[in-house]
Amino acid sequence: MKIIYKEPYRNLKESEIEGNSKKYLDAIQSIIGGDFDYLLLPHNIKVLRPVDDKNDKLEPNVIVGKNLVLGNVVFVGCDEEENFTPLS
């Protein structure tokens, strides 16, 4: 599955995650640094972000709508039921 991720103060990076949904979740948690939730963007894109993005130790990263997102983020596609899909 093709994803794009961004770390604070760095450029976007593209990556490919192979395997089943458990491997996807493990890889995403590894990039984000733990549990995550998401913001939904137009065109069926999710921005996955740390659950605790109010944590003082996380650096500012991106602005999504009116939200300043802290920490590492991952961009993935999603279907109508909001399941992860590859970005195209």
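Let's start at Phe 36: leaving aside neighbours within four places in sequence, Phe 36 is in contact (heavy atoms within 4.5 Å) with Leu 25, Ile 28, Gln 29, Leu 48, Arg 49, Pro 50, Val 51 and Phe 84. Before going on, know that this is a predicted model, where local features need pLDDT of at least 70 and side-chain atom pairs count only at pLDDT 80 or more, while totals for chains, interfaces and linings use all residues. Residues are numbered from 1 along each chain as its sequence is written, and side-chain values use heavy atoms, with hydrogens and water left out.

Phe 36 also belongs to the largest nonpolar core, a set of 11 residues. A nonpolar core here is a group of buried Ala, Val, Leu, Ile, Met, Phe, Trp, Tyr and Cys residues joined through side-chain atoms within 4.5 Å; buried means under 20% relative accessible area, exposed over 50%, and partly exposed in between, using a 1.4 Å probe and protein chains only.

Now step back to the whole chain. There is 1 helix and there are 8 strands, both read as DSSP runs numbered from the N terminus (helices are H or I, at least four residues; strands are E, at least two). From the N terminus on, the order is β-β-α-β-β-β-β-β-β. The radius of gyration of the chain is 12 Å, close to the 12 Å that the globule rule gives for 88 residues, so the chain is as compact as a globular protein of that length. That radius is taken over C-alpha atoms, and the rule is 2.2 Å times the number of residues to the power 0.38. Of the 88 residues, 35% count as buried. Among contacts with a separation of 6 or more, 43% are between residues 24 or more positions apart.

Asn 11 counts as exposed, at 65% relative accessibility. Not counting residues up to four places away in sequence, Asn 11 touches Tyr 5 and Lys 6. Asn 11 and Met 1 are 10 residues apart in sequence and 20 Å apart in space, C-alpha to C-alpha.
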